[in-house]
Amino acid sequence: MFIIDEINFPDYKMDGILGGGGTFAILGSRIILGSRDSDLCSWFVDIGNDCPREILKELRILNTGGIFRFDDTRKCTRGWNGYNQNQFREFKYLTEKKRVTMADLKQYPVMLQSKSFHFVCSPRRCISLIEELHEISEDLGIVVSSPVIAWEPIPDCCSPRNLQETLDILGNIDIFTPNAAEAAMFYGEDEPVDKPNCERIASSFLKYMTKPDSGIVLRCGPLGCVVVTKNNPKPMWFPAYHKGEAKIIDPTGCGNTFVGAFATEFVKSRKNFKLAAVKATIAAGLCLEQHGLPKLTVGDNGEDLWNGEAFDTMLKKYYIENPKLA
């Protein structure tokens with residue numbers, strides 16, 4: 001969903017910030033696609049009667065394949081984000097949310113041919129969405145050629161009571177990507193803060209991932225991310241883009257940005273987990289540098305500049321700092 005955020009930190013708060021899981025996921029995808037293919041990332045943007053012009057302009061600048069739906073009878077979906085001293089995030093809706101469902105895709109059949117789908121939901125809704133995707137496609141006579149499914153479980157469902165249900169559906173998933181805290185919560189554990197425990201928890205899901213070329217991408221905050229896959233069960237680590245906290249302003253949306261970028265590069269690179277993790281890590285780093293979305297401008301040669309820097313430049317910098325990944 002597209003959401004207008006209020007963000008509360010221990011010392012201050014911000015209001016009227018462009019946000020929402022859908023917005024940040026599309027940001028990640030848009031960063032990877034670049035301006036030439038920007039319309040290939042598609043989503044629903046539900047605009048209420050109170051949407052500030054500045055936010056609408058910022059959405060338009062991305063030039064995505066977004067389907068804008070204006071409704072003067074309702075307000076925009078608005079959310080409250082609260083962070084404590086340890087950056088633990090709480091979230092609640094301030095207005096009635098406008099949920100995106102598979103029925104929405106039925107009105108825009110071209111979206112059913114997407115090469116990847118990014119779900120942020122409970123395990124029960126995840127399997128329901130996958131089933132609906134195939135049912136609607138069959139009803140419309142559309143051939144769905146095994147799209148990549150990237151699934152982020154919502155924090156509320158990450159508990160021991162939902163573990164078995166989660167494990168049971170992993171055979172339908174290509175990219176299972178909770179963050180470290182969420183993954184640990186399935187086992188009733190605290191967030192792991194060291195690499196061995198992150199690896200242990202990530203690997204615990206692997207035997208249930210039965211689709212070819214599937215894997216777990218565990219997002220581990222300042223440690224970066226760790227990837228374990230069916231083809232390569234040995235944990236692969238990818239350090240965070242930002243070392244220290246000098247450029248970290250706001251973590252809101254970082255995870256969604258990572259997954260949106262990862263899923264898109266995963267498709268583009270023909271399921272290259274390593275390249276997808278590197279580029280998603282950089283995209284997530286961009287998301288951290290300000291409240292809301294990074295600023296998009298155009299360079300002298302027509303390339304995208306994110307906060308004044310080209311993505312290729314950031315990629316080269318990351319490889320220089322992490323030569324073993326090059």
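Thr77 touches Phe2, Ile3, Ile4, Tyr93, Thr95, Glu96, Lys97 and Lys98, leaving aside residues up to four places away in sequence, where contact means heavy atoms within 4.5 Å. The structure is a predicted model, in which local features need pLDDT of at least 70 and side-chain atom pairs count only at pLDDT 80 or more, whereas totals for chains, interfaces and linings use all residues. Residues are numbered from 1 along each chain as its sequence is written, and side-chain values use heavy atoms, with hydrogens and water left out.

- Thr77 is found in the loop between β4 (67-70) and β5, strands being DSSP runs of E with at least two residues and helices runs of H or I with at least four, numbered from the N terminus.
- Thr77 counts as buried because its relative accessibility is 2%; buried means under 20% relative accessible area, exposed over 50% and partly exposed in between, with a 1.4 Å probe and protein chains only.
- The side chain of Thr77 makes a polar contact with the side chain of Arg74 at 3.1 Å (a pair of N or O atoms within 3.5 Å; within protein, one must be able to donate a hydrogen and the other to accept it, and residues adjacent in sequence count only if both atoms are side-chain atoms).
- Thr77 also lines the largest cavity, together with Met1, Phe2, Asp46, Lys98 and Val100; on a 1 Å grid over the protein atoms alone, a cavity is a set of points where a 1.4 Å probe fits but cannot get out, a pocket is an open set with protein on both sides within 12 Å along at least five of seven lines, and lining residues have an atom within 4 Å of a point.
- The volume of the largest cavity is about 40 Å³, a volume being the space filled by probe spheres set on the grid points, which are joined across faces, edges and corners.

- Strand β1 (residues 3-8) is largely enclosed by the rest of the structure, because 6 of its 6 residues are buried.
- Ile3, Asp5 and Ile7 lie on one side of β1 and Ile4, Glu6 and Asn8 on the other, and all are buried, so that both faces are covered.
- In a regular strand the side chains alternate between the two faces of the sheet.
- β1 runs antiparallel to strand β2 (residues 13-19), to which 5 bridges join it, and the two form a hairpin with 4 residues between them; strands pair if DSSP finds at least two bridges between them.
- β1 also pairs with strand β5 (residues 78-83), in the parallel sense and over 5 bridges.
- Asp5 has Ile17 as its bridge partner in β2 and Gly79 as its bridge partner in β5.

**Ser214**

- Ser214 is placed in the loop between α7 (195-203) and β10 (215-219), and it counts as buried because its relative accessibility is 0%.
- The side chain of Ser214 reaches the backbone oxygen of Lys211 at 2.7 Å.
- Not counting residues up to four places away in sequence, Ser214 touches Ile173, Asp174, Met209, Thr229, Lys230 and Phe273.

**Second largest pocket**

- The second largest pocket has a volume of about 340 Å³, and of the 16 residues that line it, Ile31, Ile32, Leu33, Gly34 and Asp312 are the closest to its centre.
- At least two lining residues come from each of α1 (21-33), β14 (304-306) and α10 (311-321).
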